[in-house]
Amino acid sequence: MAHTNAIAVTSRAILGLLEDAVPRETFPNARFQIVQASDLEAGVRPVAEGATLYLYRVAFSSNRRTLPPRTDALGRRFRSPIPVDLHYLLTAWSSDAQQQQRLLGWAIRTLANTPVIPSGYLNRFATGGADVFSGPEAVELIGDQISLQDLDNIWDVARNRQQPSAAYLIRQLALDSELSLNEFPPAQTRVLAMGQIGTP
């Protein structure tokens with residue numbers, strides 16, 4: 001289970017895998033950036049050379065909608081986490097088509113080398129000094145299929161300047177609740193007030 005900052009931390013960690021592994025002798029100027037729809041507008045290249053990560057869809061997980069309440073180390077119970085699926089588009093950029101394709105191939109292979117990202121690595125990208133993921137947690141990054149219609153819709157903002165990309169999925173990222181569940185022991189006795197009804 002993870003803090004609500006987990007979506008942002010996961011996105012940053014995916015790019016961190018690429019930044020840590022990039023062979024600078026092959027891609028000396030490569031930069032890696034998280035983008036949103038406005039960054040893909042026509043005529044705009046978010047990075048001169050490198051790769052961008054675009055979170056284009058967040059969906060409630062269809063595999064496991066209801067998780068049990070969370071219990072912390074002190075035995076306190078909290079409301080159930082919400083599992084979500086994160087859908088990403090990884091796009092390679094370069095002014096040279098061959099270099100762009102080399103970048104995309106290298107990025108796909110690099111992410112496939114680390115399909116499970118552990119909490120220790122994820123927490124490197126947390127801000128504020130507090131861990132977002134607990135010790136045994138990890139996220140699994142898998143290649144995803146994206147329909148032509150969805151791909152078309154994404155690149156519509158770029159007015160047909162579609163770039164080579166690969167789709168990825170993080171499945172069942174559980175967002176924790178900080179609201180505790182108040183639990184009371186079962187009733188053992190019932191006390192009924194009895195008395196005489198008085199007249200005013």
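Strands S1 (residues 31-35) and S2 (residues 50-60) pair in the parallel sense over five bridges. Strands are DSSP runs of E with at least two residues, helices are runs of H or I with at least four, and both are numbered from the N terminus. Pairing requires at least two DSSP bridges between two strands. Arg 31 has Gly 50 in S2 as its bridge partner. S2 also runs antiparallel to strand S5 (residues 82-93), joined by ten bridges. Here Phe 60 stands opposite Val 84 in S5.

The model is predicted, so local features need pLDDT of at least 70 and side-chain atom pairs count only at pLDDT 80 or more, while totals for chains, interfaces and linings use all residues. Residues are numbered from 1 along each chain as its sequence is written, and side-chain values use heavy atoms, without hydrogens and water. The average pLDDT (the predictor's confidence in each residue, from 0 to 100) is 83 for the protein, and 76% of the residues score at least 70. Confidence is highest in H2, at 95, and lowest in strand S3 (residues 70-71), at a mean of 62.

Helices H1 (residues 6-21) and H2 (residues 97-113) pack at about 110 degrees, with axes 10 Å apart. Axes are lines fitted to C-alpha atoms over the stretch in contact, and angles run from 0 to 180 degrees between N-to-C directions. H1 and H2 are therefore roughly perpendicular (65 to 115 degrees). Ile 14, Leu 17, Leu 18 and Ala 21 of H1 meet Trp 106, Ala 107, Thr 110 and Leu 111 of H2, contact being heavy atoms within 4.5 Å.

Note on methods. Parallel < 35°, antiparallel > 145°, perpendicular 65-115°, else oblique.
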